[in-house]
Amino acid sequence: MNTGIVGGSGYGGGELLRLLAGHPTLKVRTVAAGSRAGEDLSTVFPHLNTSGTLAPSTPEALEGCDLVFLATPHAVSMALAAPLRDAGATVVDLSGAFRLPAEVFERWYGMDHTAPELTPAVYGLPELNRDAIVGAGLVAGPGCYPTATLLGLKPLAGLVDPASLTIVGMSGSSGAGRGLRDNLHVSHATANTAAYGAPTHRHTPEIEQQWGVLTGADHPVSFTPHLVPQVRGMVVTLNAQLLDPTAPEAVPAAFHDAYDTEPFVTVVDGWPESTHVVGANTAHVGAAVDPRTGRVTVSCAIDNLTKGAAGQAVQAANVALGLPETAGLPTMAVYP
């Protein structure tokens, strides 16, 4: 199946190239980029041992592609999604352009939405939304923080007070993309940890939207992300009040019921660590109940570039196209 990648010079695009190199069905036909169009892939990503000229990010350059991944800024995704769909391609978008209703997107992202008729697209988190993804023509890949958060939240729906939820996230610097900012320079980021984006981080409404789907009620959530001194990987830890503190055994049972048959989610004893999932499309989830307070703490670790972005996009594409869900996706981490 001919596949295109737009944003092929960024971290997400590079991860897509790595994963698709081993996919039995999805064969990369076109890799497009913005400012780096015309360069050779061997100079952009020497570690991938691949070559080919980066095409411009235009619908014409992607003709003949049955599937297109958009690892692009929001505005580029808005401009490309409709013509690609009109041409018959299945589109999986890794940006935030189609995760939310257009008016919610505009309020949180501070920019006009130029394709509101396509919002919200099918939400591409298979563990929550698998049935809806099947056959979808436009899939909105979840953000990395919402992925880790929602995997931690899914088993808690019906067990906790939805309004009591607090969320703390910690991500490596690759989550900010390949562009440079002062706080991402190695001289600043090394041995440095800091909160950022709170209380208006753009992933907040995405978490609230899907938490509302899980609980059947709309509740604002408190979300505080942190940049930590590592390159890739993230951990999200959340805390909520149990509705019935006298039945703590319901928590581990709910997690095993939710995930024991999932190919990419593992319920671990103890607490997940980001190193244990780097390079894999897996999520490690751990939970514990504090009998003193009647609250539950859940922690989830993922690789922000794999399960949090490119790997999840491939997983969603597999589901959408009726391919084996695990095709081309590693479950073994690259442990140092």
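Me: Which residue of strand 10 stands opposite Ile167?
Reply: Phe223. This is a predicted model, so all of what follows describes a prediction.

Me: How do the two strands run there, strand 8 and strand 10, parallel or antiparallel?
Reply: Parallel. Strand 8 (residues 166-171) and strand 10 (residues 222-227) are joined by 6 bridges. Further along, Met170 stands opposite His226.

Me: And strand 9, how does that one run against strand 10?
Reply: Antiparallel, with 2 bridges. Strand 9 covers residues 194-195. Ala194 stands opposite Leu227 of strand 10.

Me: What is the strand order in that sheet?
Reply: 9-10-8-11-14-13-12. It is an open sheet of 7 strands with mixed pairing.

Me: Which strands are at the edges?
Reply: Strand 9 and strand 12. Each has a single partner strand, so one side of each has no neighbour in the sheet.

Me: Back to Ile167. What does it touch, leaving out residues up to four places away in sequence?
Reply: Thr149, Ile207, Val221, Ser222, Phe223, Thr224, Val236, Thr237 and Leu238. Ile167 is also one of the residues with the most contacts inside the largest nonpolar core. Leu153, Leu156 and Leu165 are the others named there.

Me: How many residues does that core have?
Reply: 32. Several elements supply at least two residues each: helix 6 (144-153), helix 8 (204-215), strand 11 (234-241), helix 9 (250-259), strand 13 (283-290) and strand 14 (295-302).

Me: Which helix gives the most to it?
Reply: Helix 6, with 6 residues.

Me: What other core lies apart from it?
Reply: One of 31 residues. Leu26, Val31, Val44 and Val319 are among them. As a general point, nonpolar side chains in soluble globular proteins tend to be buried together.

Me: OK, strand 14. How many of its residues are buried?
Reply: 6 of the 8, so strand 14 is largely enclosed by the rest of the structure.

Me: How many bridges join it to strand 11?
Reply: 8, and the two run antiparallel. The bridge partner of Thr237 is Ser299 in strand 14.

Me: And to strand 13, how many bridges?
Reply: 8 as well, and strand 13 and strand 14 also run antiparallel. Ala287 has Val298 in strand 14 as its bridge partner.

Me: How many residues sit between strand 13 and strand 14?
Reply: 4, and the pair forms a hairpin. Gly294 in the turn has a positive phi of about 75 degrees.

Me: Switching topic. What is the strand order in the parallel sheet?
Reply: 3-2-1-4-5-7-6. That sheet is open, has 7 strands and pairs in the parallel sense. Strand 3 (55-56) and strand 6 (122-123) stand at its edges with a single partner strand each, so one side of each is left without a neighbour.

Me: How many bridges pair strand 1 with strand 4?
Reply: 4, in the parallel sense. Strand 1 is residues 2-6 and strand 4 is residues 67-70. Val6 stands opposite Leu70.

Me: Now helix 5. Which of its residues are buried?
Reply: Pro126, Glu127 and Ile133, in a helix running over residues 126-133.

Me: Why do they line one face?
Reply: Because, seen down the axis of helix 5, the buried residues fall within an arc of 70 degrees.

Me: What do they pack against?
Reply: Strand 6, strand 7 (138-140), helix 6, strand 12 (265-267) and helix 10 (306-320).

Me: Which residue with a positive phi follows helix 5?
Reply: Gly135, with phi near 80 degrees.

Me: Now the whole chain. How many helices and strands?
Reply: 10 helices and 14 strands.

Me: What radius of gyration does it have?
Reply: 19 Å. A compact globule of 336 residues would have one near 20 Å, so the value agrees. The C-alpha trace spans about 60 × 45 × 40 Å along its principal axes.

Me: What share of the residues is buried?
Reply: 51% of the 336.

Me: And the surface, what does that come to?
Reply: About 13,800 Å² of accessible surface, with 54% belonging to carbon and sulfur atoms.

Me: Last one. Among contacts between residues at least 6 apart, what share joins residues at least 24 apart?
Reply: 69%.

Notes: Residues are numbered from 1 along each chain as its sequence is written. Side-chain values use heavy atoms; hydrogens and water are left out. Two strands pair if DSSP finds at least two bridges between them. A nonpolar core is a set of buried Ala, Val, Leu, Ile, Met, Phe, Trp, Tyr and Cys residues joined through side-chain atoms within 4.5 Å. Buried means under 20% relative accessible area, exposed over 50%, partly exposed in between (1.4 Å probe, protein chains only). Contact means heavy atoms within 4.5 Å. The arc is that of the directions from the helix axis to the C-beta atoms. The radius of gyration is taken over C-alpha atoms; the globule rule is 2.2 Å times the number of residues to the power 0.38. Accessible areas come from the Shrake-Rupley method with a 1.4 Å probe; for residues, only the protein chains shown count as cover.
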